[in-house]
Every structure is written in C-alpha cells, then in structure tokens.
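Hi everyone, thanks for making the time. Let me put the model up on the screen, and then I'll walk you through a few spots in it.

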Amino acid sequence: MKVLLLKDPKDKDTGPDPYIKELGLYGFEATSIPVLSFEFISLESLFEKAKCYGGLVFTSPRALEAIKICLKENSKNEAWLKSLKQRWKAKPVYVVGKATASLVEEIGLIPQGEKSGNAEKLAEYICSREKPTSSALLFPCGVLKREVLPTALREKGIPLDSVTVYQTAQHTELLGSLSRYFSHQGIPASVVFFSPSGVKFCLQHIQKLSGDFLNQIKFAVIGPTTAEALEAAGIPVACTAQSPTPQDLAAGIQKVL
C-alpha cells in the first residue's frame, strides 16, 4: 500500500528518509512531496540577539536552519567557535521533537525537552525549569507561529522574546508534484500532513485529484495542531502520531490500514 508524505524528503547525502524507511519496515511504499518553501529573514538580528539571552527555544527545524545559515559566515563562525559555543553549552536549549534536537546537536549544543512532542507540553516542561526571575529566553520562529507556547510562558511570568527568522510559502512545484503522483501512482492508501500549512496548501488539490475516491484515503497527521487544522477543513483524521517520530507515525498508520 502507498503512503503520501506531505513533507520535504530528507537530504539523500545524510542517509534514507527516516519516515520512508520506517514505513517500509511495515511494507508501505512511501513517497515524500515538498509542500513548503522558506525565506530566511532578520538573520543579522538573530545572531546578535543570541549573544544576550539566558536560553533558546526551538519548535521548528527551520529556526535551527536560520542559526546554521548565520554560522556559515566566517566572521560569525569564528566568534561562535571562540566563545559563544562554550557559553551556550551552559545555557538551556529547549526543543520540540527529535528532528529539531538532532539539529541542535549538530551545532554542538545539548537539547532539552525533545520528548515533549508539541508546544503545549514543551511549555509545561520549560515552566517546570524556569522562574520569573530567570533571564529571558529567545524564541526564533516563523511568521505563522502559534501563540500557545508564548502565551503559556507569559501566564507563568517566564520571560520570552520572539524573533521571526523565516516566512513560509507554497512550494513552487507543489501542484505539479501532486498531479504527477496521482497520475503515476494512483490514489494512496494514506496521506500524511505534517503541519497546518500543509493542510492549507495541499488539501484542496488532493480533494480535486482524488475525486470520488477521497473517502478511501486514511488521513494521518504528525500532531494535534495539524489534526485540528484538518478537522476544521471537514476531513476526518484517521491517525494522529502519539509523538512526532517516524516510529509512532508508522505504527499509527499500520493500525488504521
């Protein structure tokens, strides 16, 4: 059975995509289609601000990519290696999910809270470790960020400053990629959404391409926020991964199929 993953495929140079690999262990034939394109902004401001805060909060791998882009500049990379890296090793770096945690580790820092799985639980984790008297945390984020985590921390008096470092748009090849998939591979047994933006940009095309066969598709999501977006669009969610990992997603899809 075929599974369509509405996400960027992992870079082949770093090994097989973990979602495709895990679904393959269950006998599913999975394909990834890129849904989103990203423009990074305010990177100079991000690097300067990162020097001044008591901790970092990342709820998206894209925010980590912004940091990595900053460090590619020789002058900034030198400053990072000389002093900032060691200074940040002594500060908390809070993350949602293993994908973001692995990117934190790639720049030599130690992630915390990766088992939280979503912004709500990460906020609880942060509030259990920080105090209103703590130094402010820096939250690099996208234009479309939800207010769940900032609101939860604000209610507990935990200081948090957000800085927008990327904006999201529909991938230029999305419609063509979806059309080719349905034309060549037919109706998938399951379609997986990885973000509310994915629902926004993909759902209407999938409905059109599926036609009368839409009800045959089991729609799966990576987390509760995406589930809410899909249900708000009138589509029943057959499976929500217990945590945003390839293992939990594959196990959930196996159950509904």
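Let's begin with Q112, which sits in strand 6, residues 111-112. Strands here are DSSP runs of E with at least two residues, helices are runs of H or I with at least four, and both are numbered from the N terminus. Before going on, a word on the source: this is a predicted model, where local features need pLDDT of at least 70 and side-chain atom pairs count only at pLDDT 80 or more, while totals for chains, interfaces and linings use all residues. Residues are numbered from 1 along each chain as its sequence is written, and side-chain values use heavy atoms, with hydrogens and water left out.

Back to Q112. Which residues is Q112 in contact with, leaving aside neighbours within four places in sequence? They are P92, V93, Y94, V95, Y125 and R129, with contact meaning heavy atoms within 4.5 Å. With R129 there is also a side-chain to side-chain polar contact at 3.1 Å. A polar contact is a pair of N or O atoms within 3.5 Å; within protein, one must be able to donate a hydrogen and the other to accept it, and residues adjacent in sequence count only if both atoms are side-chain atoms.

Now let's zoom out. The domain assignment, which is automatic or from a database, gives domain 1 as 2-35 + 172-255 and domain 2 as 39-169. Nine residues from domain 1 and nine residues from domain 2 take part in the contact. Together the two domains bury about 650 Å², 55% of it on carbon and sulfur atoms; that is the accessible area (1.4 Å probe) that two parts lose on being put together, summed over both. On the domain 1 side, F201, T225 and P244 lose the most area to domain 2, together 46% of what that side buries.

How many salt bridges are counted between the domains? One salt bridge, where the rule asks for a side-chain nitrogen of Lys or Arg within 4 Å of a carboxyl oxygen of Asp or Glu. R62 and D8 form a salt bridge, with their closest N and O atoms 2.8 Å apart.

Last, the aromatics: six pairs are counted, taking rings of Phe, Tyr and Trp (its six-membered ring) with centres within 6.5 Å. Y19 and F194 are edge-to-face because their planes stand at 85 degrees, with ring centres 5.2 Å apart; planes under 30 degrees apart count as stacked, over 60 as edge-to-face and the rest as tilted.
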